Structure formats: C-alpha cells, structure tokens
Amino acid sequence: MATSDTNTGPSLLYRLVNDKELRSVAIQVITIALLFAFLFYIVNNAIVNLAAIGKDYDFKFLSEASNYDINQHLIAYNSRSSHLTAMWVGILNTLLVAISGIVLSTIVGFILGVLRLSPNWLINRTVYVYVEYVRNVPVLLHILLVHGIVVNTLPIPKNAINLADSTFFLTNRGFYTPKPLFDPAMWAVLIAFIVAIGFTWWFRRYAKKVQDETGKIYPVFWISLAAIFGLPVIVYFLAGSPMDWDYPVLKGFNFKGGLVLRPEFIALWLALSLYTAAFIAEIVRAGIQAISYGQTEAGKALGLRDNRIMQLVIIPQALRIIIPPLSSQYLNVTKNSSLAIAIGYMDIVATIGGISLNQTGREMECMTIVLGLYLAASLTISSFMNWYNKRMKLVER
Amino acid sequence: MKLFKTLAVSAAVALASTSGVATAGTLQDVQARGELNCIVTTGVAGFGAPNDAGRWEGFDVDFCRATAAAVLGDPNKVKFVPTTGKTRFTALNSGEGDVLYRNTTITMSRDADLKLTFLGVNYYDGQGFLVPKALGVTSAKQLDGASVCIQTGTTTELNLADYFRANNMSYEPVTIETNEEGQVNYLAGRCDVYTTDASGLASTRSSFEHPNAHIVLPEIISKEPLGPAVRQGDDQWADVVRWVLNVLIAAEEAGITQGNIMGHSKSAGDNPDINRIAGTEGDFGAMIGLDKQWAVRAISAVGNYGEIFERSIGVNTPLGLARGLNAQWTQGGILYAPPVR
C-alpha cells in the first residue's frame with residue numbers, strides 16, 4: 001500500500017523561480033500590477049498638479065453659452081447655444097466628412113486598383129504616377145493645396161459660375177444647390193422607397209433559389225434598379241408631386257436659401273478621399289494579384305467573359321485579402337479629418353477641442369472629450385469591419 | 001528573471017520621469033538662465049514680427065527687450081516664443097515663456113479663470129472691421145449676411161457674435177488660425193470682412209499691395225485694453241514686469257528719452273521724478289529685486305513709451321496709427337502711469 005507523501009514538495013519561492021507555469025503567471029500578475037500602479041500615478045499626478053495651480057476637473061462648462069458662431073452646423077445652433085451643442089455640431093461635422101470620405105475613397109480606390117492592372121499601357125502608367133505622387137506627399141499638404149485652389153480660382157459670389165440656368169452656383173464661398181422642401185405627403189414616397197429595398201432584398205434571395213433549383217437566371221440587377229427607382233417615383237407622382245425647391249438667390253454679400261457645400265468641406269473631403277484612394281488602390285491591386293492565375297484560367301475554361309471572371313471569381317476571393325488593411329485606411333480617414341483645423345473646417349477638434357477649449361481654459365476636460373469621441377468612432381468602424389471580415393472569411397473545416 | 005528585471009527597471013524609470021509643479025521664483029529662474037523667454041505672436045507687422053534678417057522687431061517686442069534689459073542687462077538676451085491665439089495661454093501657464101507680450105486683451109475670465117495676472121495696459125484698442133472699398137459699405141450695420149474672417153480663440157470672436165446678434169444681423173464666420181491665413185482668405189475673396197483689433201487691422205492693411213483699396217469702418221465695437229501677462233502666484237516677478245511697463249510710460253511724461261537718460265543717470269538734477277527713475281535718488285530697483293540702474297537700462301535699450309510707439313506703429317510707419325487714446329493724460333490720452341516713488 002502506498003502511503004501519501006506528507007512532504008508538500010519544493011518551497012513556493014523555489015517554484016516561483018523554476019516552475020515555468022507558475023513563473024509566467026507570477027510575471028503577468030506583477031506586470032499588470034505595475035501597469036495599474038503607473039496609470040494611477042499618472043492620473044494622480046495630473047490631478048494633484050492641476051489642483052496646485054487652482055484648476056479643477058469638471059464638465060460644468062458644457063452647459064454654459066458658447067458665444068461663438070459656426071458656419072457649418074447640421075443641427076440648429078447659434079451663439080447662445082451651449083458648449084455641449086457646439087460639441088455635437090463638431091461631432092456631426094467630423095462624421096459627415098469621415099463617412100463621405102470613406103465612401104468616395106472606396107469607390108475611387110477600387111476603380112483605380114482595377115485600372116492599375118489594365119493591359120492598356122497608358123492607363124496603367126497614369127494610375128501608377130498618380131498613386132506614387134499622392135502617397136508620397138503628406139496629407140496636410142494635399143488639404144492645403146485643394147483648399148488653396150478652391151478659394152483662389154473660384155469666383156466671388158457676385159461673379160458666380162452658374163450651372164443649369166441659375167439653379168446651381170459655384171463660388172469660392174461654396175457650392176450652392178436648391179434645397180428640396182418636403183410636404184407631409186413625402187412620407188408615402190419614403191415608405192415606398194423602404195418597401196422597394198425590402199422587395200429587392202427578398203427578390204435577390206428568391207432569384208438565387210430559383211437559379212440553384214432550375215438554372216433560370218433572372219436579371220436581378222435591372223429589376224432591383226427598376227424597383228428602387230421606379231416605385232418611389234410612381235408613388236411620388238400619385239401623391240401629387242409633394243416636393244418644392246428652395247433656390248439659392250444672391251442677396252447682398254452671399255447667396256441665401258438652398259443648400260450649400262462650403263469650400264472647407266469640399267477641400268477636406270476631396271483631399272482626404274483622393275489621398276486614401278491611392279492607398280486603397282494599392283491594397284486592391286495586392287488583393288487581386290494574390291489570387292493565382294489558375295483561377296482566371298479556370299474561369300476562361302468554363303467560357304466566362306473577362307469581366308464576369310473578375311466579378312464572380314476574382315473579386316470575391318480577393319476581398320478576403322483586401323478587407324483587413326481596408327479597415328485601417330478607413331480609420332485613417334477618420335483620424336486625418338482632424339487636420340480640418342488647418343483650413344477652418346469646424347470639426348470636433350475645432351469646436352470643443354479648439355475654440356471651446358481656448359475660451360474656457362479647460363484643456364484637460366476638452367481633450368478627454370475629443371480623445372473619447374475619436375476612440376468611439378474608430379472602435380465602431382473597426383468592429384463593423386471585423387464583422388464584415390468574418391462574413392467574408394474562408395470557412396475551413 | 002531577465003524579463004522581470006527589465007520590467008522593474010522600466011517601471012521605475014517611468015515613475016521617476018514626471019514633471020514637477022512650476023517653481024514660483026521666475027525672476028531667479030530668468031537670471032539663472034540668462035535669457036528671458038517672451039511669448040509673442042507669430043507675425044503681426046508693427047507689433048511683433050521677425051524682419052528680413054530674422055531679428056524680432058515691433059511694439060510688443062520692444063517691451064520684452066526693455067524687461068530683459070532691466071533684469072539681465074542686455075536687451076538682446078530674449079528668446080521669442082511665437083504662439084497662435086489658441087496656444088498662447090497654455091504656453092504661458094506651462095512655463096514655456098516667462099512673460100506674454102502679445103497684444104492680448106485683459107478680460108475678467110482671463111485674469112481669474114485662466115489663472116493669469118495682467119500687469120497694466122500698453123495699448124488701448126478696440127475691435128473694428130476692414131472691408132474693401134469696392135464693396136461700397138460705409139457702416140458696420142450694413143454687413144448683414146456677409147462672410148467674416150475671424151481668428152479663433154480670441155475676444156474678437158465673442159464680440160463679433162454679440163454685435164451681430166444685438167443688431168439682428170446674420171453672418172458666416174470663416175475661422176482662421178493666424179493673421180497670415182486671414183490675409184490670404186480676405187484677399188482671395190473668401191470673406192468680405194476682416195475683423196480684429198483696430199491696431200491689428202492697420203498692421204494687416206499696411207502689408208497689402210494696395211493698402212488704400214481697403215478701409216476700416218468707423219464702428220469700434222468693443223474695448224480692447226492690450227497688456228502683458230504673467231502666471232498667477234509669483235508676485236515679485238509680476239512687480240518687475242509691471243514696473244518696467246510703468247517706468248517707460250512715466251519716463252515719457254517726465255521728459256526722459258533714450259538720448260538723455262545716460263546724462264540723467266550720471267548726476268542728480270533738479271527734477272526729483274527724473275532722479276528717481278534714473279537711479280540717482282532712492283533705491284527703487286531693490287524693491288523689486290533689481291539694482292538702481294534697472295530703469296536706466298530699460299530706457300536706454302528702447303527709449304520711452306512715445307519713442308517705442310513712434311518707432312513701430314506711429315504716424316511715420318506703414319501702420320500710421322495716431323496716439324489717440326494712447327497719448328499721455330496731459331496730452332489728451334488716457335496713459336497714466338503710477339509714480340515711481
């Protein structure tokens with residue numbers, strides 16, 4: 001009969017140094033403890049030093065009137081609104097330029113990426129030169145250049161360029177378009193639009209099912225297009241055209257009425273999009289070239305035309321390689337939009353992180369807000385991209 | 001073990017490398033350093049801008065040099081820290097500069113809330129509007145709907161919002177960071193109006209190709225007393241800067257100029273005011289931590305207030321500013337220095 005060994009084995013200290021597992025756990029615990037101690041020290045240091053010069057850390061200033069005006073505000077705002085409202089105006093402006101930048105840069109980037117692989121020598125080389133130039137110049141210079149061009153070459157409102165017989169005006173104070181004024185009956189058109197989208201989504205699944213079962217191919221693209229545009233238009237006319245236009249008119253110094261795209265927004269949007277498009281073009285080219293030529297040959301053997309091969313065989317596989325670096329580029333667009341302050345575009349850094357910070361003297365609180373908002377925006381974008389990436393991933397056994 | 005050691009050492013290094021609270025003895029710091037750090041603007045012609053050779057010149061710059069001469073004996077021992085409207089106060093509070101001479105308006109919130117101490121007024125100014133003559137505008141009340149170039153982080157921004165709201169007018173604010181950016185946008189036609197202190201407008205207009213094609217509208221919509229600032233909490237340094245400013249104004253009132261100060265400092269004369277400033281009577285320098293020749297050095301470096309004014313922004317300069325409110329109280333203005341006694 002074996003007796004249990006009453007000896008407890010080597011001492012804890014000995015095991016801490018020599019036992020691999022225990023040692024690694026101990027090191028991790030100690031590292032985390034040191035990290036937290038360091039963070040605590042930093043925060044405490046800031047609080048103590050701020051108190052020493054008489055500054056406290058509170059957000060009460062957000063409810064005070066801001067006393068400054070902002071030229072582009074997507075929500076109602078005037079100089080009597082609070083700093084909190086100014087913050088929301090800034091956030092909306094940042095999101096506006098980030099999302100429009102992401103959309104335009106993706107479209108242009110994909111087109112440029114595919115063109116870069118064109119067998120036509122001129123197109124190929126032109127895109128190459130464009131990409132190399134854009135990538136190697138800092139984005140701030142692009143922004144300043146586009147803004148300089150827009151402000152200096154376009155005319156002042158008195159001599160505005162008018163397009164389409166005085167409906168659109170192009171000046172160095174902005175691009176003016178008519179603004180649609182909606183009657184309440186417009187809701188019917190909106191509902192028709194949503195119904196059309198729902199129908200398209202259902203129809204795509206149905207058509208795929210039919211194709212799998214019987215091999216009959218419906219022209220899904222054209223039918224969806226007809227539905228999405230046709231249905232709302234029909235409902236629009238049935239409801240008696242419930243839409244009027246507010247035309248921009250030159251009154252005194254500037255145009256009044258209509259919608260306006262400010263030159264700061266246009267410059268930032270174009271510069272950011274064209275800059276990021278160059279990077280996306282290279283990512284797309286890398287993704288497409290990573291697919292072995294055997295896939296194209298197999299497609300040709302099946303009798304598919306070149307553009308169908310690209311659309312049905314190459315791009316779906318290339319997307320797996322393209323999406324992860326693409327999400328980095330989207331985050332870059334969002335963060336590069338903070339350069340807006342260089343040309344006077346009132347984004348989050350310019351409103352709460354700039355004017356509000358300066359007028360109230362609350363640097364720590366304002367910077368905390370700005371950092372928190374950029375972090376939230378970036379995490380949202382990257383989590384969406386991660387979800388999309390998971391959907392596209394190669395599902396292995 | 002190696003990993004643990006590196007972690008421990010790096011943590012200790014990180015803990016040790018923290019910055020402490022600023023010390024209160026700015027005068028001692030400046031004397032030990034041998035150089036005065038002066039926070040100025042990035043470039044406003046006449047008030048503070050580097051000339052072609054890179055040497056800083058201007059109205060505010062001369063006051064910095066006077067302070068350096070009084071404290072260190074040499075008006076050239078100044079390091080100029082250019083800042084924008086947004087960064088000037090954080091630069092002062094963080095210790096990047098010892099004194100701020102940056103045509104900055106004295107306001108209650110800046111004095112109390114931002115923890116600064118203002119030391120007097122070196123220029124009484126007001127906010128005005130600059131428009132091209134071609135617009136045909138003769139009064140600020142005709143500016144409804146205009147685009148206005150405005151520098152961020154300034155009192156002019158707040159005054160502009162207040163003025164237009166009070167007069168029921170709307171405008172499009174075009175925010176700019178620096179004077180240069182504002183000039184470019186104004187001349188390109190991005191904005192119809194450029195607004196800042198009237199002295200800044202004169203300075204800006206003087207640097208245009210055709211200065212006479214632009215006019216400053218008659219409305220002055222605010223009080224902008226411009227003056228130097230230091231950090232709160234250092235009374236001795238505040239006294240030094242305040243009394244250098246006061247003595248330059250008092251010197252003009254007493255008739256002391258850059259030309260005759262050396263003569264006055266050699267022997268006491270009949271005028272006790274002049275004697276006290278020139279250091280031949282009493283020891284006022286010791287009261288603020290300096291020696292008897294503090295005022296002599298300051299005045300012989302840059303002259304009295306009137307000479308500083310005429311050199312950089314007076315009627316014979318491109319800015320062409322009249323003394324106006326900035327004349328001595330005995331000559332129709334409101335400059336009134338407390339006596340050195």
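Student: Which residues of strand 9 of chain B point one way, and which the other way?
Tutor: This is a predicted model, in which local features need pLDDT of at least 70 and side-chain atom pairs count only at pLDDT 80 or more, while totals for chains, interfaces and linings use all residues. Residues are numbered from 1 along each chain as its sequence is written, and chains are lettered from A and ligands numbered from 1 in the order in which they are written. Helices (H or I, at least four residues) and strands (E, at least two) are DSSP runs, numbered from the N terminus. In strand 9 of chain B, Ala146(B), Val148(B) and Ile150(B) point one way, and the other way point Ser147(B), Cys149(B) and Gln151(B).

Student: Is strand 9 of chain B largely enclosed or exposed, and how many of its residues are buried?
Tutor: A residue is buried if 20 or more other C-beta atoms lie within 10 Å of its own, exposed if 12 or fewer, and partly exposed in between, with C-beta atoms placed from the backbone. Strand 9 of chain B covers residues 146-151 and is largely enclosed by the rest of the structure, because the buried residues number six of the six.

Student: Which strand is joined to strand 9 of chain B by six bridges?
Tutor: Two strands pair if DSSP finds at least two bridges between them. One of the bridges links Gln151(B) to Ile176(B). The partner runs parallel to strand 9 of chain B, covers residues 171-176, and is strand 10 of chain B.

Student: What is the handedness of the crossover from strand 9 to strand 10 of chain B?
Tutor: On its way between these strands, the chain passes through helix 6 (residues 155-166) of chain B. A crossover is right-handed if, with the strands pointing away from the viewer, the path from the first strand over the helix to the second runs clockwise. This β-α-β crossover is right-handed.

Student: Which strand is joined to strand 9 of chain B by two bridges?
Tutor: The bridge partner of Val148(B) here is Val193(B). The strand in question covers residues 193-197, runs parallel to strand 9 of chain B, and is strand 11 of chain B.

Student: What distance separates the centres of the two domains of chain B?
Tutor: Domain bounds come from an automatic or database domain assignment. For chain B they give domain 1 (26-124 + 226-331) and domain 2 (127-222). Taken over C-alpha atoms, the centres of these domains of chain B are separated by 29 Å.

Student: How many residues does domain 2 of chain B give to the contact with domain 1 of chain B?
Tutor: Two residues are in contact if their C-beta atoms, placed from the backbone, lie within 7 Å. Domain 1 of chain B gives 18 residues, whereas domain 2 of chain B gives 16 residues.

Student: What is the radius of gyration of chain B?
Tutor: Chain B holds 14 helices and 14 strands. The radius of gyration is taken over C-alpha atoms, and the globule rule is 2.2 Å times the number of residues to the power 0.38. For 341 residues that rule gives 20 Å; chain B is close to this value, so it is as compact as a globular protein of that length, with a radius of gyration of 23 Å.

Student: What is the radius of gyration of chain A?
Tutor: Chain A has 12 helices and eight strands, and its C-alpha trace spans about 100 × 75 × 50 Å along its principal axes. Of its 397 residues, 28% count as buried. A compact globule of 397 residues would have a radius of gyration near 21 Å, but that of chain A is 29 Å.

Student: Which element gives the largest share of the side of chain A that touches chain B?
Tutor: In this interface, 37 residues of chain A are in contact with 34 residues of chain B. Elements that give two or more residues on the chain A side are helix 2 (20-52), helix 5 (139-153), strand 7 (254-256) and helix 11 of chain A. The largest share, nine residues, comes from helix 2 of chain A.

Student: Which helices do the buried residues of helix 11 of chain A pack against?
Tutor: Helix 11 of chain A is mostly covered, with 10 of its 10 residues buried. These buried residues pack against helix 3 (83-115) and helix 12 (363-392) of chain A.

Student: Why does Gly353(A) count as buried, and how many C-beta neighbours does it have?
Tutor: Gly353(A) lies in helix 11 (residues 351-360) of chain A. Leaving aside neighbours within four places in sequence, Gly353(A) is in contact with Ile348(A), Cys366(A), Met367(A) and Val370(A). Gly353(A) counts as buried because its C-beta neighbours inside 10 Å number 24.
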